[in-house]
Amino acid sequence: MKLFLLLILPFCLISSGWAARRALVIGNAGYSDSPLRNPVNDANLVANTLRQLGFEVSLITNADHQKMDTALNTFVGSIRDEDEVLFYYSGHGANYAGENFLIPIGRVINAEEELRYHAFSSNLALERMQRARLSIMVLDACRDNPFRGARSGNKGLQIMQGKAGSQYIIYSTEQGKTAADGTGANSPFTESFVKHIGNSDRIEDIMKKVTREVKTNTFDKQIPWTAGNLIEDFYFAKAAPGTPATTKPAIKVDTEYTTGSIRVESNTEGEIWIDGSFVANISSGMIQTSSRIGIGSHSVELKYQGKTQSRTVSVLKDQTSEVVFAIVKAGENMILVPAGTFGMGSKDGDKDEKPVHQVTVSSFYIGKYEVTQKEWAAVMGSYPSHWKGETLPVERVSWYAAIDYCNKRSLKEGLKPCYSIDGNTEPSNWSRGFVVCDWNADGYRLPTEAEWEYAARGGNKSKGYKYSGSNDIKSVAWYSSNSGSRTKEIGTKSANELGIHDLSGNVWEWCWDWYESGYYGKSPSSDPRGASSGDFRVLRGGSWYSSDNNCRVAYRNGISPGAGSNLRFGFRVFRTIH
């Protein structure tokens with residue numbers, strides 16, 4: 001998630017002295033709970049470009065609330081009536097009760113109600129800049145919900161009303177929509193915006209070009225928006241025709257050299273690269289620490305056996321950020337499922353399996369077998385099952401118990417846990433609450449419903465079977481007709497096309513998603529994660545107690561996440577590929 005850019009520029013006009021062109025540029029990326037990739041890069045790019053265009057620029061990055069307040073107070077205090085001023089912000093942000101807020105570094109904001117007390121009001125910043133002759137506010141941000149444990153319905157920013165005739169506000173996308181952080185060095189909006197402000201066009205004409213370019217580059221998902229009006233023409237690159245030339249003021253640059261460290265641990269021998277540059281060789285079990293790394297977002301890569309795994313890490317001032325590479329190796333009972341597209345659902349199945357819709361999933365690892373009692377006991381210290389046996393799958397497991405196991409196993413193996421409640425990833429400290437999933441973590445988690453069905457169908461090797469691996473249920477599943485009314489050892493039936501066992505029958509398997517039949521088929525087509533809320537969580541695959549119908553790869557079931565006393569509820573683990 002990434003927030004909006006805020007730019008404010010007063011008009012350059014000569015009266016009794018120079019009309020200064022001033023800019024305050026802020027980029028926040030190093031959030032402890034949800035770090036961003038590009039805000040610091042965006043802020044640096046904007047600052048450097050504005051300096052070349054004659055602006056007096058003050059740049060700060062990864063600023064806490066006090067630092068942002070101080071910077072704005074200093075900036076506003078320097079503004080004269082004839083000045084052009086610009087304030088740029090990139091980072092997390094949100095709107096609440098009709099007001100837009102920029103989120104500082106250094107404090108986790110768990111609920112939108114806290115914004116008024118712990119975040120920075122862009123409405124107030126806009127109002128304070130009205131003293132300048134002309135001000136332009138530019139907001140560029142990835143605006144997914146940034147709050148842990150909160151479900152906000154307020155996506156995007158609200159349209160703000162500036163001072164008529166002298167304030168012009170630019171949004172990287174329309175109200176209520178999400179702007180992209182970008183997969184390259186900068187966001188799509190900032191990249192285009194900086195590209196065009198050096199041209200000798202009016203700001204209105206610049207924004208027409210930026211809007212067209214961003215719309216095209218994001219495949220119509222992001223369309224920039226502007227608000228406000230200007231009495232006079234404004235040009236970034238030069239004064240309007242006929243305006244007397246002015247002497248450029250001295251460039252003021254506030255530079256703060258702040259660094260942190262990156263600590264890398266790997267279970268595989270390879271090379272460590274940071275931001276595209278080789279750093280050091282690393283051996284299995286070795287820890288490599290790189291110091292004096294600039295604060296902000298960095299790319300860390302492990303290159304091994306002709307392969308590369310990447311992580312994005314945020315470095316904070318005087319702090320050490322940790323990166324763990326835990327490579328899944330052959331023989332660890334994890335199966336690689338290559339990315340692909342498939343038709344999810346069934347035309348002739350139950351109502352909640354319709355409509356059939358195209359879904360694309362990224363590559364992932366999934367357990368070759370359901371989690372066994374031996375694996376469970378090694379992590380949790382006890383057996384939750386009715387029948388005992390190390391190679392029997394666990395049963396009587398609630399959805400909550402399954403995510404507890406995923407986090408505890410991740411912590412045990414030195415991986416970053418996927419799940420948190422109120423910002424805490426340690427299950428022993430949890431009280432029941434709203435569970436958040438970090439989709440970029442490298443630890444264990446439950447598969448989404450789409451990932452589960454794709455794997456059950458055989459992934460990109462699918463032969464279109466009704467059950468996972470065959471149209472003959474008896475060859476691939478333990479179910480009501482052949483189980484003898486009890487669970488069976490893992491892997492005793494044939495595997496599916498990918499080499500995965502027991503996706504049909506034996507025990508029901510928990511998925512991440514909320515079970516919401518009205519949402520089915522309306523989710524995003526790429527890596528869908530299900531509805532945002534509900535009463536039940538999804539179960540898939542059927543069990544030893546199920547009919548053949550319930551063991552179909554398309555069959556859907558939903559049960560309360562706290563239900564665990566039923567003998568037939570188990571799960572298998574999943575890991576994201578980075």
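Modeller: A residue is called buried here when its relative accessible area is under 20%, and exposed when that area is over 50%. The model is predicted, and what follows should be read with that in mind.

I begin with helix H5, residues 188-197, which packs against helix H1, residues 39-52, at an angle of about 5°, with the two axes 10 Å apart. Because angles under 35 degrees count as roughly parallel, H1 and H5 are roughly parallel to each other. On the H1 side the contact is made by Asp-42, Leu-45, Val-46, Thr-49 and Leu-50, and on the H5 side by Thr-190, Val-194 and Ile-197. By class, the residues of this contact divide into 5 nonpolar, 2 polar and 1 charged.

H5 also packs against helix H6, residues 203-217, here at an angle of about 145° and with axes 9 Å apart; the crossing of H5 and H6 is right-handed. H5 contributes Pro-188, Phe-189, Ser-192, Phe-193, Lys-195, His-196 and Ile-197 to the contact, while H6 contributes Ile-206, Met-207, Lys-209, Val-210, Glu-213 and Val-214. The classes in this contact are 8 nonpolar, 2 polar and 3 charged residues.

The buried residues of H9 are Glu-449, Ala-450, Glu-451, Trp-452, Glu-453, Tyr-454, Ala-455 and Ala-456. Just after H9, Gly-458 takes a positive phi of about 100°.

As for the surroundings, the largest nonpolar core has 33 residues, of which Trp-399, Ile-403, Tyr-419, Val-435, Leu-446, Phe-571 and Val-573 touch the most other members. At least two residues of this core come from each of helix H7 (373-380), helix H8 (399-412), strand E22 (419-421), strand E23 (435-437) and strand E25 (508-515), and H8 gives the most, with 7 residues. A second, separate core of 31 residues includes Leu-24, Val-40, Met-68 and Phe-101.

Technical notes: Residues numbered from 1 in each chain as written. Predicted model: local features only at pLDDT ≥ 70, side-chain atom pairs only at ≥ 80, totals over all residues. Heavy atoms only, no water. Buried < 20%, exposed > 50% of the residue type's maximum accessible area, 1.4 Å probe, protein only. Helix = DSSP H or I, 4+ residues; strand = E, 2+ residues; numbered from the N terminus. Axes fitted to C-alpha atoms, helices over the stretch in contact; angles between N-to-C directions. Parallel < 35°, antiparallel > 145°, perpendicular 65-115°, else oblique. Contact = heavy atoms within 4.5 Å. Nonpolar A, V, L, I, M, F, W, Y, C, P; charged D, E, K, R; others polar. Core = buried A, V, L, I, M, F, W, Y, C linked by side-chain atoms within 4.5 Å. Left-handed = near helix turned anticlockwise from the far one by under 90°.
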